[in-house]
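Student: I have a structure to get through today. Can you walk me through it?

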Amino acid sequence: MKQFISTSPCPVRVKNPLSKAADIAYLRIGRKNLKIATEYYLDFGLSLLEETEHRVLFHGFNSPYPCFSIEKHHEDVLLGVGLYITSFEEFEKLKELKGAKFLQNGRFGNSSNFPIANLTDPSGLSVDAVLVSNFLENLPNTNKNQRTWNTPNQTKRINKPCPYDKGAAKIMRLGHAVFLKQEFFKNAQWYCDTFGMIPSDIQILPDSKEPVIVFLRCDLGDKLTDHHTIVIATGADDRLEHCAFELEDLDEVAKGREWLQENGWKPAWGIGRHLLGSQIFDYHRDPKGMLVEHYADGDKFDHTVPVGYHFVNRKSLYQWGQDMPESFLDSKLTLDKIFSLVKGMFNGRDIKLENLITLKKTMKISPRNWVRY
Amino acid sequence: MATNYVRFEKNKKIDWAKSENGKFFPLSVGDLNTREFLEYVKSKPNNPKSPTDSVDEITLLSPITAPCQIICQGANYKQHLIESGLNPDEKNYNLFFTKSDASLSSPIGEVIRPNHVRLLDYEIELGLVFGKPITKPLEINSFKLSEYVSALFMVNDISARDIQLPQMQWYKGKSYRSFLPAGPVLAVLDEGDDSLLENLELTLLVNDRVRQHDTIAGLVYKPEETIQELSQFCNINPGDVLLTGTPSGCALRAPGKLVQKIASLLSEKKKWDLFVKGQLKRTEYLQPGDTIRSSIRTADRRIDLGDQELKVVQEK
């Protein structure tokens, strides 16, 4: 019998991290065509904050600060991620790290001029630690047409039909980002060591039991935080797999789907409910094919919830919903990805090809062989 | 949904506490044994208000107390059968053995490797606590699991393979003191929890590497079937426990078919000498300094038996 031994350790929470990130702040995306990207993300539901020839900044209804920045670039790629830090002492420690850059006046001029310690994660991604003490102070809720639901036990909507508002989804905030990394453990543990992140759930391969996906949450002590803020997954190249934006409720998720499809944009997978994190989800593709998610009703954990371990398979992705389309997981080995893989191996990266191959095979098996379209 | 309890020591006094959202709420019931505690839970559902001042001040103990009968199932996950050199299609019996209750130990603490033991192995298992006596044979389909099983808990069935197998002493090889870390949680079942059992995920890590992982759905002999069979030859009292077997991934690995054939021609002594020599080459056996962490919970965390953290130390 073939013997399988897991060679990679699982990422673990550490006692004394350098800092404790409080939330994800923003993502910076490079696009050759700003105009079409702007058009898409307005239909997607983000609010315009600032538009110049070189950069478009968006925010959600929950915050006046930018959560998404599309920047003019010669390639369509992820440029960076920002995480909020609330402690000045922690910020100083990050600033002192080797290779760290200090941006006294922030990255976005007047739209958000908080000091930034710019770091680089082990995959080379630019990570901004943004020092803001009050980022949690939400904007007042301006939604006058708060929906009310009737239930078998309680009628809240009396003599009133349920109104449907047509339009783009109302995005409250950026919730999380999922990164594919050639080196899984190195990157995952870096976010735990540097930003005090806590593994909420870890997915492992069958047979070898190698960890390949980790859902990381922030450590806010006994305050609640999202089940995951950063997800690290094993990939053939280093990139953003998807990012997710939080909406108010299921109606809002459905409304967003209607609007995007009416306007001729491509859906990806939805609507359903995730298993790990529990969110009601709906995935779409932006004009460059990048996955973006609308979600509502995600799990909130404090620091006491211990990590869960699960086999990675399609069953672990959703409790209910439309069956996952074959095209959803971009597991094709394109020339670009093969180039990245070879480059990574030449640069001495600890790439586990076997894991990638097993992962691809595992994810192909549908848990719902009764679904036929 | 199951209610979680822990048994703990604080200022040299033993008590039980309700465990909720990572906090412990002491019940001030004193040093009840497992059977007495289950009776207490049945009779007086009480909702303590204030949690312990600090989790660091308390020592978590095994929620299973001695004296009790500890019945174990062996080779009860298909993949583990194959690993142990048994053919799942040929094995047509439920394998039972017992452990001494002297082996019961704290879920957060130490596993002591006796000085003469070299092949120290780990086995994560789901444990069931009986809540009702069984004194006569039961008919299959005549009972529901929850009628006889009151609670669930986690154990690590530590084994000295170089005693258990070459000396054919399962009882001794699996019963040294500290060989049965149990808990931390005693999950007292509610009606309707039966259906959640299948989703329980067992995970054991040594030095942060996953060695064992499976779900209860992988059991060969399910609990109802096993209890029915036990009732044919065994009396059971409330507080007695059944350990349901371990998934694949232990350090022990059966030699290949060819080696087994050759070994069968050798004398007993020669054969087992070779066995120990072969196993010593495996790096998976526990060494002093190793850390074992394990958990049993459902992905949606409706049942959560807590976390064990054990350090392997050499006998002094």
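This is a predicted model: local features need pLDDT of at least 70, side-chain atom pairs count only at pLDDT 80 or more; totals for chains, interfaces and linings use all residues.

Student: How many residues of chain B are in contact with chain A?

Tutor: On the chain B side 27 residues touch 24 residues of chain A, where contact means heavy atoms within 4.5 Å. About 2,000 Å² is buried between the two chains, and carbon and sulfur atoms give 55% of that area. Buried area is the accessible area (1.4 Å probe) that two parts lose on being put together, summed over both.

Student: Which residues of chain B lose the most area?

Tutor: V210(B), H213(B) and R301(B), which together make up 28% of what the chain B side buries. R301(B) also forms a salt bridge with D201(A), with the closest N and O atoms 3.4 Å apart. A salt bridge here is a side-chain nitrogen of Lys or Arg within 4 Å of a carboxyl oxygen of Asp or Glu. The count between chain B and chain A is 1.

Student: And how many salt bridges over all chains?

Tutor: The count comes to 41. One of them joins E183(A) and R349(A), whose closest N and O atoms are 3.8 Å apart. E183(A) lies in the loop between β9 (173-181) and α3 (184-195) of chain A, and R349(A) in the loop between α5 (335-346) and α6 (353-364), so the pair ties together parts that are 166 residues apart in sequence. Helices (H or I, at least four residues) and strands (E, at least two) are DSSP runs, numbered from the N terminus.

Student: New topic. How many cavities are there?

Tutor: The search of the whole structure finds 3 of 30 Å³ or more. On a 1 Å grid over the protein atoms alone, a cavity is a set of points where a 1.4 Å probe fits but cannot get out, and lining residues have an atom within 4 Å of a point. A volume is the space filled by probe spheres set on the points, which are joined across faces, edges and corners.

Student: What lines the largest cavity?

Tutor: Its lining includes H176(A), D226(A), E246(A), Y295(A) and K300(A). The largest cavity holds about 50 Å³ of space.

Student: What does UniProt list for chain A?

Tutor: The unreviewed UniProt entry gives "domain: VOC" for residues 173-297 of chain A. That span is 20% helix and 47% strand, with its end C-alpha atoms 13 Å apart. UniProt positions are given in the numbering used here, feature names are shortened, and annotations may be inferred rather than shown by experiment.

How values were computed
Residues are numbered from 1 along each chain as its sequence is written. Chains are lettered from A and ligands numbered from 1 in the order in which they are written. Side-chain values use heavy atoms; hydrogens and water are left out. On a 1 Å grid over the protein atoms alone, a cavity is a set of points where a 1.4 Å probe fits but cannot get out, and a pocket is an open set with protein on both sides within 12 Å along at least five of seven lines; lining residues have an atom within 4 Å of a point.
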